[in-house]
Amino acid sequence: MVMRGAVRRRSRGLGSIRRYSRTVDTAAPVASPARRAWLAPALLIVSVAARLGWTYLVPNGANFVDLHVYLGGAGALDDPGTLYSYVYADQTPDFPLPFTYPPFAALVFYPLHLLPFGLVAFCWQLGIVAALYGVVRVSQRLLGVPAWRGHRVAMQWTAVGIWIEPLRSNFDYGQINVILVLAVLCAAYSSRWCLSGLLVGVAAGIKLTPAITGLYFLGVRRWGAAVFSAIVFFATVGLSVAVIGQQARFYFTDLLGDAGRIGPIGTSFNQSWRGAISRILGHEAGYGPIVLAGIAVTAVLALLAWRALDGERLGSLLVVQLLGLLISPISWTHHWVWLLPLMIWLIHGPWRTRAGARLLGWGWLVLTLIGVPWLLSFAQPTIWQIGRPWYLAWPGLIYIVATLATLAWIAASGRRQSR
């Protein structure tokens, strides 16, 4: 008995030593990641500094033409009846830029036009960075990452995301799309119908593109959010008519369907079916048979992908947004901010271990870092000339083909998993 007790005590002692050894062994490597914790914020700081350096130190680093249009259109409210006759042409003599946004956007931007433009432009860039970080963080939350985790990964994605083509054009032009994408992501994440509807309704009142999110609400049976988003949107219309008057009515009765007023349909920066087919045919294709056939194929693939995702929130939202980008008459590359949440979903999401997920995710990252539409823009004679050689027209399908491949992969991967 004494011997057995001694053995047991010796065993417990050895066990304690082993447990201590394991503690030491596992604790030792922890110090290394702790020491590397500064790398992510340092990378983000360097990336933001490089972006600001590009803007202010490189000739033509950024022209902020769209921000000029936002504030100039807002300033036109001081002269009744001139909102939709206002144009900005100081840096775009070949295309004087009109105010093409809903009248509610002019009301939102009105206070900013009272401030010095340089101050607004600088703060706008910092706001884009903050909104981009928010896009990454809310995408993580939709994937189930707890609020106290993922900060360093979010910083890394933000640092890299600054340099993909959709974000480069948002910085260059002073666009608002990153803020709108953040609003829609927050609407999808929130479980409160009133907040979700408010965010989407206001976003659609500023720029019509977020309105496609109503299909997402209907698809996931969030009836309250869908109805309230429509109510809020029409409230922005009513407020605009009450404050602005005839110009607001003119927008919704005469200008709303005029895609040509928004910009040149055939430029390589327009990555929609209508733009791509117009470049291939050499003339404005409108919504002719070929464009409609492309839209039909996209809609079928989107429906199959939606069914395969079976309610997964971020993936389902992305399917709807990709559909909206392809069916829109004009989807400038700066509208394609949704590609960053798509990469995060493919690389970090619940389907990341499936064959092809990471290939698609990293493929999108390489594609957008290169910026094929941006490269093609240097070869097109002018932004207004639709016709071009085949070797310039067909590569302009790049975002469309990649989107169809992504939707087809989601549909096929979901079907294989169910089997």
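Okay, let's begin with helix 18, residues 357–370: its 14 residues reach 20 Å from the first C-alpha to the last, close to the 20 Å expected at 1.5 Å a residue. That expected span is 1.5 Å times one less than the number of residues. And when I say helix, I mean a DSSP run of H or I with at least four residues, while a strand is a run of E with at least two, numbered from the N terminus.

Before going on, a word on what we're looking at. This is a predicted model, where local features need pLDDT of at least 70 and side-chain atom pairs count only at pLDDT 80 or more, though totals for chains, interfaces and linings use all residues. Residues are numbered from 1 along each chain as its sequence is written, and side-chain values use heavy atoms, with hydrogens and water left out.

Back to helix 18. Which of its residues are buried? They are Ala357, Leu360, Gly361, Trp364, Leu365, Leu367 and Thr368. Seen down the axis, these buried residues fall within an arc of 165°, so they line one face of helix 18. The arc is taken from the directions between the helix axis and the C-beta atoms. Buried here means under 20% relative accessible area, exposed means over 50%, and partly exposed is in between, with a 1.4 Å probe and protein chains only. Just after the helix, glycine 371 takes a positive phi of about 75°.

Why would buried residues line up like that? An α-helix has 3.6 residues a turn, so residues three or four places apart point the same way.

Now zoom out for a moment. The protein chain has 21 helices and 2 strands, and its C-alpha trace spans about 100 × 50 × 45 Å along the principal axes. Of its 419 residues, 51% are buried. If you take contacts (heavy atoms within 4.5 Å), then among those with a separation of 6 or more, 74% are between residues 24 or more positions apart. The chain exposes about 19700 Å², and carbon and sulfur atoms supply 68% of that. Those areas come from the Shrake-Rupley method with a 1.4 Å probe; for residues, only the protein chains shown count as cover.

Next up is helix 11, residues 223–244. At 1.5 Å a residue its 22 residues should span 32 Å, and its end C-alpha atoms are 31 Å apart, which agrees. Its buried residues are Ala225, Ala226, Ser229, Val232, Phe233, Thr236, Val237, Ser240 and Ile244. They cover an arc of only 140° around the axis, which puts them on the same side of helix 11. On the other side, Trp223, Phe234 and Ala242 are exposed.

So what do the buried residues of helix 11 pack against? The partners are helix 4 (103–109), helix 9 (193–206), helix 10 (213–219) and helix 12 (246–255). Alanine 230 is also in helix 11, and at 33% relative accessibility it counts as partly exposed. Its C-alpha is separated by 6.1 Å from that of glycine 201, 29 residues away along the chain. Just after helix 11, glycine 245 takes a positive phi of about 85°.

On to salt bridges, meaning a side-chain nitrogen of Lys or Arg within 4 Å of a carboxyl oxygen of Asp or Glu. How many are there by this rule? The count is 2. One joins the side chains of arginine 51 and aspartate 172, at 2.9 Å from N to O. Arginine 51 lies in helix 2 and aspartate 172 in helix 7 (residues 165–173), so the pair ties together parts 121 residues apart in sequence. Both arginine 51 and aspartate 172 are buried.

In the other, glutamate 284 meets arginine 274 at 2.6 Å, N to O. Glutamate 284 sits in the loop between helix 14 (273–281) and helix 15 (289–309), and arginine 274 is in helix 14, 10 residues apart. Glutamate 284 is partly exposed at 35%, while arginine 274 is buried at 12%.

Last stop, the surface. Trp54, Tyr56, Leu57, Val58, Phe122 and Leu126 make a nonpolar patch of about 590 Å². Patches use residues with over 30% relative accessible area and no salt bridge, joining like charges within 9 Å and nonpolar side chains (Val, Leu, Ile, Met, Phe, Trp, Tyr) within 5 Å. Helix 2 (39–57) and helix 5 (117–142) each give two or more residues, with the largest share, 3 residues, coming from helix 2.
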